Amino acid sequence: MAGQVALPADTPVLGAATAVAGQGSAAMVAARLERLPMTGFQRTIFIIIATAWFFDSIDLGSLTFLLGSIRTEFGLSTAQAGLLSSMSFVGMFLGAGISGMLADRFGRKLVFQVSMIFWGLGSVWCAYAPDSTALGYARLLLGFGMGMEFPVALAIVSEFLPSAKRGRYLAVLEGFWPLGFIAAGLLSLVLLSTFGWRAVFLAQAVPALFLFVVRMFVPESPRWLADRGRFDEANRVLADIEAKVRARLDGRPLPEPQPLPAQAQGERRFSFLELWSSGYASRTVMIWLTWFFALLGFYGLTTWLGALLQEAGHSVTKSVSYTILISLAGVPGFISSALLVEGWGRKPTAVLMLLGSAIAAYLYGHSPSFGWLIAFGLVMQFFLFGMWSVLYAYTPELYPTRARATGAGCASAIGRVGSLLGPYAIGVILPVLGQGGVFALGGGSFVIAAAAVAILGVETKGKSLEAISH
């Protein structure tokens with residue numbers, strides 16, 4: 001029959017009968033993915049996405065180390081510097097909100113590649129910006145590309161990995177953010193004193209070429225293809241995946257697919273409206289509140305870490321070095337979170353990391369000496385990056401395939417509103433309340449986010465994406 005593809009003998013075929021059922025076929029695709037053992041194939045997909053995430057994180061984290069030098073060159077006030085910092089998050093708000101809906105409509109792979117083009121071009125523009133206004137627009141474009149990438153990356157990783165491994169790998173994926181942050185600091189340390197801040201941005205544009213690796217080695221999500229009714233393509237991609245997994249198992253047969261709950265049938269809504277349908281509205285309120293206040297606190301504090309140290313009298317080099325030092329605690333932070341999300345659960349881990357961030361931020365802002373400043377900074381970064389890991393593991397699990405990227409993208413977009421307000425608010429209140437007030441504001445934001453998860457959150461640990469959805 002036209003459109004049929006030859007599949008291995010142990011592969012269940014989605015034939016015409018199941019294709020007509022639609023939802024049953026999508027459930028079968030999910031069951032076939034869930035039964036696959038974790039092998040080098042899935043890990044390769046993860047490493048490719050994580051590497052792109054790492055490059056993206058370098059771009060985002062660099063302003064922490066460069067803001068002091070940029071302020072000096074352009075003669076910016078604290079409020080103007082805060083506004084410049086916020087431009088990235090305006091772009092991320094737009095990118096995250098748009099890309100999720102585009103990825104649910106046109107596919108994960110295409111939108112992911114386009115995102116890399118935008119942030120590469122944005123980095124080049126930053127390097128050649130003649131004044132602070134042009135730099136602000138360049139950061140807007142850079143942020144747009146970064147905002148596009150985050151929700152699509154989460155959707156790709158969550159849809160390729162089995163339930164037993166999904167949370168841990170999503171948490172580890174976010175662990176590439178502190179690694180990128182540290183790399184941004186090291187890159188700044190090497191280039192800043194000799195070549196200036198523009199060279200740092202120029203160097204960060206090169207990794208955008210990594211999109212060709214994504215294009216060659218990352219397939220489209222079979223879950224998304226089946227959800228869109230493109231069953232022949234889903235079969236073809238999935239058969240190729242199964243063959244590659246079998247090859248890594250030395251030809252041993254794959255386990256039989258286990259039945260999974262079919263998604264509720266009915267008229268397909270615009271993906272944004274799915275977020276407010278029965279069963280998802282309370283999740284949407286919870287995750288939007290969490291993202292908004294968590295990112296308001298996080299970016300309000302971390303964007304200013306280097307500049308605050310410089311304002312306290314430390315040199316540019318020492319400020320960058322101290323910021324890198326305390327960021328090292330983010331590595332055990334995300335590792336701990338990755339272990340806890342599978343062993344303890346998403347919800348309690350999120351509450352722990354958010355409350356830990358609140359307490360540590362308050363103590364950091366009221367440190368009695370430089371030694372305590374470093375100690376509390378290490379603790380703060382441990383919890384902050386642990387918070388990021390569980391947030392990224394939790395968010396894409398809350399929504400069905402038809403709205404997963406939209407759900408993650410909109411939550412991220414709402415978070416970017418907090419990201420936008422945070423650095424600017426810090427720039428305004430710093431001259432009035434001092435550093436103690438700055439970190440008290442950040443701590444209070446984390447407490448509100450923790451309360452949202454504790455009251456409205458649902459547990460998703462160990463469940464298939466289809467079982468979590470309705």
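1. Helices (H or I, at least four residues) and strands (E, at least two) are taken here as DSSP runs, numbered from the N terminus. On this basis the chain holds 20 helices and 0 strands. The model is a predicted one, in which local features require a pLDDT of at least 70 and side-chain atom pairs count only at pLDDT 80 or more, while totals for chains, interfaces and linings use all residues. Residue numbers run from 1 along each chain as its sequence is written, and side-chain values use heavy atoms, with hydrogens and water left out.

2. Confidence should be considered next. The pLDDT, the predictor's confidence in each residue on a scale from 0 to 100, averages 83 over the chain, and 87% of the residues score at least 70. Helix α17 (residues 346–365) has the highest confidence, at a mean of 92, and helix α1 (residues 16–21) the lowest, at 36. Over residues 1–24 the pLDDT is below 50, and this stretch has 34 contacts (heavy atoms within 4.5 Å) in the model beyond near neighbours in sequence. Where pLDDT is low, the predicted coordinates should not be read in detail.

3. Of the contacts between residues at least 6 apart in sequence, 85% join residues at least 24 apart. The chain exposes about 16,700 Å², and carbon and sulfur atoms supply 69% of that area. Accessible areas come from the Shrake-Rupley method with a 1.4 Å probe, and for residues only the protein chains shown count as cover.

4. The count of salt bridges, each a side-chain nitrogen of Lys or Arg within 4 Å of a carboxyl oxygen of Asp or Glu, comes to 13. One of them joins the side chains of E73 and R198, at 3.3 Å from N to O. Because E73 lies in helix α3 (residues 40–74) and R198 in helix α8 (residues 197–205), this pair ties together parts that are 125 residues apart in sequence. E73 is partly exposed at 45% relative accessible area, and R198 is partly exposed at 24%.

5. Elsewhere, a network of salt bridges links D104, R108, E159 and R404.

6. A nonpolar surface patch of about 500 Å² is formed by F93, L94, I98, L102, F106 and L110. Patches are made of residues with over 30% relative accessible area and no salt bridge, with like charges joined within 9 Å and nonpolar side chains (Val, Leu, Ile, Met, Phe, Trp, Tyr) within 5 Å. Helix α4 (residues 78–106) gives the largest share of this patch, 5 residues. F93 is found in helix α4 and is partly exposed, with a relative accessible area of 34%.

7. Finally, a search of the whole structure finds 0 disulfides, defined as pairs of cysteine sulfur atoms within 2.5 Å. C126 is buried, at 0% relative accessible area, and C410 also counts as buried, at 7%.

Definitions and conventions. Buried < 20%, exposed > 50% of the residue type's maximum accessible area, 1.4 Å probe, protein only.
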